[in-house]
There are 2 protein chains.
Amino acid sequence: MAQPDTRTQILDAAEHLFAERGYRGTSVRAVTDLAGANLAAVGYHFGSKAELLAAVARRVIEPINAAQCAGLDRLLARTPDPSVTELVEAFAGPLFDGTRAGDEGGARTSRLIVTILSDPAEEARSWTGPDEDTVRERYLAAFARALPGLSPEELRFRMRGILAVTAIDRVEVYQQPSPACLTPVAGESTRHWAITFLTAAMSAPPTRT
Amino acid sequence: MAQPDTRTQILDAAEHLFAERGYRGTSVRAVTDLAGANLAAVGYHFGSKAELLAAVARRVIEPINAAQCAGLDRLLARTPDPSVTELVEAFAGPLFDGTRAGDEGGARTSRLIVTILSDPAEEARSWTGPDEDTVRERYLAAFARALPGLSPEELRFRMRGILAVTAIDRVEVYQQPSPACLTPVAGESTRHWAITFLTAAMSAPPTRT
DNA sequence: GGTTCATTCATACGTTCGTTTCAATCGAAC
DNA sequence: GTTCGATTGAAACGAACGTATGAATGAACC
């Protein structure tokens, strides 16, 4: 809480606004206003709006990726064949951990991730590094061993399902305050529900073709 | 294929572009150019860009909603207690049916739906009518009977999971041509995989608290 | 005290956006 | 043939956008 430097204040503001209004819905001026910085500061510190988004995305994704990787390492150190539940927990768990200060229990991070992933803007997709692919490939191999008989295509579909469930649940809550359905659910229970839901889904027998 | 009137040509073009580039990423000029219409035609026929989006969304969602409703009616006419599989199929199935001509097997419709649902723009959320809530409430009740012991909150979470899986799978494919993971999966198999995945997920025992 | 370098500031540029305006056009009714 | 309502056309408006520019600032170092 000392004197936060302009660069991280811009990152914080951009993370907040990108999560809430999307990339295209957030103007550079809105970011700098919220950050209490000058308009030109974005150009100076990041080069462009797209590079600012890449920096925000990296800062959010990297710890998640590291946690996923560490979780798999921990499992594989114990046994060469972790269970589906363990794999689901190690993979999906970090997606629920909003470790960043000021994040409302990870909800803001989730919103940001889905905003980035589902934004059709090209800039939103240029930040991905090889790390994300690597960790996903490792989990893919581990799941393949835990789920013999499942075709690679269906396995890939199911892993996409994990990302979908973990990423979108809070978003729809956030943007659909309809009282009839989809009322917001706070707290840690979401994480447990997701683990239950996804473990059962991943463990389903292969679709007979 | 006779002489398509300007209004529907604009609707078609807008549906295509909104699905591909999102609401904010699509300019009115791009829509009218693709439709071969004049820029002012949008204002004349729809009033504004936001109302054009609402019209597009209504045209896409309404048949899906009707199919979901008819499917539930058909099930309930046979038995008062349909199985989880039947409910999942009746609810999620229509989300995969791209009945509109020109749609690439429903993929474009899926993209449009998730684009609309995940767009943080306020305009993207103003089209919902009471019908969507009604059909969801009916399925909610049917699932509650099929899954006794599940708390209403967790049931709602799982229904959100259905929407997440059906909505997002093709989107991430669409926007992530990474060769490492998540390669596109075409055809009808996606629908079967989703039914398998979601039936198992919905049938999971309640999360012990 | 003067120089240097990184950073911040106010401001402007050029573009694109959604919307509006008003004249032109067309077919049908009289 | 004229009138009239509906539709289309070309053009323009004001606002907001991302970005670039060059001067001001301020602390660190000689």
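In this predicted model, helix α1 (residues 6-21) of chain B packs against helix α2 (residues 28-35) of chain B at an angle of about 130°, with the two axes 8 Å apart. Axes here are lines fitted to C-alpha atoms, for helices over the stretch in contact, and angles run from 0 to 180 degrees between N-to-C directions. Helices (H or I, at least four residues) and strands (E, at least two) are DSSP runs, numbered from the N terminus. The angle is therefore one that places α1(B) and α2(B) oblique to each other; angles under 35 degrees count as roughly parallel, over 145 as roughly antiparallel, 65 to 115 as roughly perpendicular and the rest as oblique. The crossing of α1(B) past α2(B) is right-handed, a crossing being left-handed if the near helix is turned anticlockwise from the far one by less than a right angle, and right-handed if clockwise.

On the α1(B) side, the residues that meet α2(B) are Gln9(B), Ile10(B), Ala13(B), Ala14(B), His16(B), Leu17(B) and Arg21(B). Their partners in α2(B) are Ala30(B), Val31(B), Leu34(B) and Ala35(B), where contact means heavy atoms within 4.5 Å. By class, this contact of α1(B) with α2(B) holds eight nonpolar, two polar and one charged residues. In this scheme Ala, Val, Leu, Ile, Met, Phe, Trp, Tyr, Cys and Pro count as nonpolar, Asp, Glu, Lys and Arg as charged, and the others, Gly among them, as polar.

Residues are numbered from 1 along each chain as its sequence is written, while chains are lettered from A and ligands numbered from 1 in the order in which they are written. Local features need pLDDT of at least 70, side-chain atom pairs count only at pLDDT 80 or more, and totals for chains, interfaces and linings use all residues, with side-chain values using heavy atoms and leaving out hydrogens and water.

Two helix pairs of chain A come next. The axes of helix α5 (residues 84-96) of chain A and helix α9 (residues 189-202) of chain A come within 9 Å and cross at roughly 140°. That makes α5(A) oblique to α9(A), and their crossing is right-handed. Residues of α5(A) in this contact include Val84(A), Val88(A), Ala92(A) and Phe96(A), while those of α9(A) include Ala194(A), Ile195(A), Leu198(A) and Met202(A). The contact of α5(A) with α9(A) divides into eight nonpolar, four polar and two charged residues.

Helix α4 (residues 49-78) of chain A and helix α7 (residues 130-146) of chain A pack at an angle of about 30°, and their axes are 10 Å apart. That makes α4(A) roughly parallel to α7(A), and α4(A) passes α7(A) in a left-handed crossing. Among the contributors are Ile61(A), Asp73(A) and Leu76(A) of α4(A), together with Glu132(A), Arg138(A) and Arg145(A) of α7(A). By class, the contact of α4(A) with α7(A) has seven nonpolar, three polar and five charged residues.

The DNA strands are the next topic. DNA strand C is surrounded by 15 residues, of which the closest are Thr6(A), Tyr44(A), His45(A), Arg29(B) and Lys49(B); a residue is near a molecule or strand if one of its heavy atoms lies within 4 Å of it. Sugar and phosphate make up 50% of the atoms of DNA strand C that come within 4 Å of the protein. A phosphate oxygen of DNA strand C lies 2.2 Å from a polar side-chain atom of Thr6(A), and one lies 2.5 Å from a polar side-chain atom of Tyr44(A). Arg29(B) places a polar side-chain atom 2.8 Å from a base oxygen of DNA strand C. The elements giving two or more residues to this surface are α3 (40-46) of chain A and α2 of chain B, and α3(A) gives the most, with three residues.

Around DNA strand D there are also 15 residues, with Val28(A), Lys49(A), Thr6(B), Tyr44(B) and His45(B) coming nearest. Sugar and phosphate account for 49% of the atoms of DNA strand D within 4 Å of the protein. The side chain of Arg29(A) has an N or O atom 2.9 Å from a base nitrogen of DNA strand D. His45(B) has a polar side-chain atom 2.7 Å from a phosphate oxygen of DNA strand D. The largest share of the surface near DNA strand D, three residues, comes from α3(B).

Terms used
A polar contact is a pair of N or O atoms within 3.5 Å; within protein, one must be able to donate a hydrogen and the other to accept it, and residues adjacent in sequence count only if both atoms are side-chain atoms.
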